Amino acid sequence: MVATHCPYCALQCAMDVAPTPDGPTVTPLEFPTNRGRLCQKGWTAADVLTASGRLTAPMVRGADGTLAPVSWEEALDRVAGELRRLRAAHGPESVAVFGGGGLTNEKAYQLGKFARVALATPNIDYNGRFCMASAAAGGRRAFGLDRGLPFPLTDLDGAEAILLVGSNPAETMPPFVTHLAGAREAGGLVIIDPRRTPTADLTQDGGGLHLAPLPGTDLVLLLGITQILWAEGLVDRGYLAERASGVDALRASLAAWWPERVERVTGVPVVQQRAAARLLAAASPARGGRGGYVLTGRGAEQHAHGTDTVTAAVNLALCLGLPGREGSGYGCLTGQGNGQGGREHGLKADQLPGYRSITDPDARAHVARVWGVDADSLPGAGPPAVAMLASLATPGGPRALLVHGANPVVSAPDVGPLTERLRALELLVVCDFVLSETAALADVVLPVAQWAEETGTMTNLEGRLLLRDEAVPPPEGVRTELWVWRELARRLDAPIDFSEDAAEVFAELARASSGGVAHYTGFSHERLRAGEALYWPCPEPGHPGTPRTFLDRFATPDGRAVLHPVDETPPDDLLDAEYPLYLVTGRVLQHYQSGAQTRRVAALNSVEPESYVELHPLLAQRLGVEAGERVGVHSRRGSCEAVARLTEGIRLDTVFMPFHYPGRGAVNRVTNPAVDPISGMPELKVATVRLERLVDA
Ligand code: SF4
């Protein structure tokens with residue numbers, strides 16, 4: 001039996017994995033984030049290890065257009081040969097790499113190094129760009145540092161009030177809800193979400209308030225609540241004077257957002273805006289409260305103005321005097337299992353390991369020294385994920401793509417054109433453990449180990465490092481991605497060797513992070529195996545790590561948090577007669593991300609087997625749609641189909657679809673690839689659509 005952590009979300013619930021004659025089993029463990037609980041996905045996590053359709057041999061697409069099993073030698077030789085040919089003919093930029101937020105820290109680090117050293121391409125990014133980039137950008141511009149939660153999750157337990165903007169943890173990470181219990185008991189939960197989700201339901205019976213703004217207007221709602229704090233004298237002025245800059249400019253910028261105007265834009269009644277502001281202010285330590293938190297999720301971020309929305313939430317938290325104070329704070333709820341670590345170790349187009357900017361000469365010199373290469377040989381910044389994927393197979397764009405730990409033909413916005421671009425590539429290589437929808441398009445598919453079959457570390461939503469030791473051996477024929485990169489690097493005559501040993505890679509990663517903001521320097525697999533609770537930064541061996549950042553100062557040059565005035569920006573997609581409804585997307589309890597794993601678990605997929613569209617009964621009546629009927633969902637990009645599900649818990653002008661499904665049911669056939677100009681994050685949370693009853697349904 002091996003103690004490890006769940007393969008899915010950033011809560012990284014602790015569990016034992018035990019091999020038995022009938023296959024591996026999981027048992028929940030006591031751990032601060034999950035307290036001995038697992039959600040349905042966690043309870044069935046062992047089923048993914050034995051999922052039908054598990055790949056155990058590399059596959060190469062033959063002249064007849066089908067994928068056929070080949071030896072590892074043949075598959076790797078084919079990949080390396082094609083990469084060499086493309087590089088010689090079109091330069092290193094002709095190759096691109098796309099990673100995932102579920103890759104371990106070691107793999108995230110090694111993939112960034114492989115791309116920049118073995119492939120010498122600037123074209124690398126990861127799917128965290130779809131789900132965390134705006135929070136990262138918002139956190140950095142306010143605090144100088146992005147750590148999802150800059151405090152242990154258990155700190156939330158003592159809060160009197162918690163504002164949750166655009167997050168539905170009751171479905172996405174159910175054990176998290178235990179940490180909301182204290183605030184709920186105090187009547188202090190404030191949920192901002194256009195839908196009455198299971199999380200919003202927690203506000204019923206005196207638990208707090210649910211504010212349901214028009215999709216895309218949560219930024220304005222946050223401005224309005226902050227304006228009320230100023231108008232009613234509820235701001236923590238002492239805190240702002242001591243710990244923040246930009247106060248006057250922020251205050252001036254809020255003046256235009258009086259409550260009635262905010263109501264007109266968002267649809268949230270003035271009385272609810274005032275109640276939320278007062279409830280949050282009453283919890284603030286400055287007013288004798290027990291403490292409060294502002295937390296944001298994908299609902300705030302996945303907008304063409306997501307960084308500004310996060311900034312508005314941070315500004316609100318600062319005006320309440322919460323960040324950098326024990327028992328209070330601002331945080332972002334990371335979604336993917338290693339969404340946090342993925343963005344620290346060089347998977348992003350603009351960053352080197354240790355959260356270093358790839359354009360900073362000192363950072364380049366430091367990382368090049370650790371890697372044993374010449375700093376001048378390192379490529380510069382590449383385009384962020386959406387732009388990179390849009391450039392594939394275009395004139396001058398990449399002609400080859402390597403995909404690791406991602407399934408973009410389901411999870412990316414506007415997947416119709418993307419699928420065509422992937423088909424048009426000269427080489428598509430996918431490393432996966434099942435034939436995902438993206439792998440099914442590949443020229444070469446490489447079968448790799450998954451979570452419990454290899455050793456590696458994850459960084460959870462608290463910035464806490466966790467070790468996942470190998471608990472069961474991978475099936476025969478399967479290799480780790482670290483091994484794959486080592487073998488490919490050799491075949492490409494890379495100037496350095498690539499280790500396949502996770503502990504060795506981690507030790508190098510720790511050295512590379514040294515001196516950066518995300519110090520892993522004092523961490524090691526051994527310390528984790530010894531049971532230490534380790535939060536970064538940990539700048540030297542023996543350092544205990546940092547459960548709470550910002551207590552003394554923020555990571556800005558003068559130690560003060562920066563209040564950035566932000567203003568309303570409408571969604572990129574606007575309503576009109578042809579597309580008269582808003583579409584929001586999200587997740588359901590039983591599935592995770594693109595569903596590549598959870599759709600293969602019978603116990604999960606039997607509950608939620610197909611795509612659905614949630615709409616209000618009155619809207620359904622107007623459209624002549626009945627519950628259970630199939631409807632077409634059309635946008636300016638394309639169309640998809642789903643089964644109608646009726647609920648009064650959604651606005652009349654809004655419909656909802658989960659994004660876990662492929663093919664005709666893929667909501668990302670209609671979503672908008674417009675991106676936030678700062679973070680590069682796509683506007684997955686709001687598109688305008690038309691619904692039509694399918695006559696043959
Ligand atoms: Fe925990 Fe998330 Fe796994 Fe569910 S999916 S068991 S909440 S880590």
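Biologist: Why does W536 count as buried in this model?

Modeller: In this predicted model, W536 has 27 C-beta neighbours inside 10 Å, and since a residue is called buried when 20 or more other C-beta atoms lie within that distance, W536 counts as buried.

Biologist: Where does W536 lie, and which residues is W536 in contact with, leaving aside its neighbours within four places in sequence?

Modeller: W536 sits in the loop between β21 (534-535) and β22 (561-562), and, once neighbours within four places in sequence are set aside, its contacts are G463, L465, A518, H519, Y520, G545 and T546. A contact here requires C-beta atoms within 7 Å.

Biologist: Why is D493 called exposed?

Modeller: D493 has 9 other C-beta atoms within 10 Å, and because the limit for an exposed residue is 12 or fewer, D493 is exposed. This residue lies in the loop between α21 and α22, and it has a positive phi of about 55° although it is not a glycine. Most residues other than glycine have a negative phi.

Biologist: Why is helix α21 described as largely enclosed by the rest of the structure?

Modeller: Of the 11 residues in helix α21 (residues 481-491), 8 are buried, so the helix is largely enclosed by the rest of the structure. The buried residues are E481, L482, V484, W485, R486, E487, L488 and A489, and they pack against α3 (72-90), α4 (105-118), β16 (400-404), β17 (427-432), β18 (444-447) and α22 (502-513).

Biologist: What makes α9 mostly covered, and how does its reach compare with the span expected at 1.5 Å a residue?

Modeller: In α9, 12 of the 14 residues are buried, among them D218, L219, V220 and Q227. From first C-alpha to last, helix α9 (residues 218-231) reaches 20 Å, close to the 20 Å expected at 1.5 Å a residue. Just after α9 comes G233, with a positive phi of about 70°.

Biologist: Which domains supply at least three residues each to the shell around the ligand, and which residues come nearest?

Modeller: Domain 1 (2-49) and domain 3 (133-333) each supply at least three residues to that shell. Of the 14 residues around the ligand, C6, C9, C13, C39 and G42 come nearest, and by class the shell has 10 nonpolar, 3 polar and 1 charged residues.

Biologist: How do you know that domain 1 touches domain 3, and what does UniProt place at residues 1-51?

Modeller: 10 residues of domain 1 are in contact with 9 residues of domain 3, and the side of domain 1 that touches domain 3 has 6 nonpolar, 2 polar and 2 charged residues. The C-alpha centres of the two domains lie 32 Å apart. For residues 1-51, an unreviewed UniProt entry gives the feature "domain: 4Fe-4S Mo/W bis-MGD-type", and in the model this span is 18% helix and 25% strand, with its end C-alpha atoms 20 Å apart.

Technical notes: Residues numbered from 1 in each chain as written. Predicted model: local features only at pLDDT ≥ 70, side-chain atom pairs only at ≥ 80, totals over all residues. UniProt positions renumbered as here; feature names shortened; annotations may be inferred. Helix = DSSP H or I, 4+ residues; strand = E, 2+ residues; numbered from the N terminus. Domains from an automatic or database assignment. Contact = placed C-beta atoms within 7 Å. Nonpolar A, V, L, I, M, F, W, Y, C, P; charged D, E, K, R; others polar. Near = placed C-beta within 6 Å. Expected span 1.5 Å × (residues − 1).
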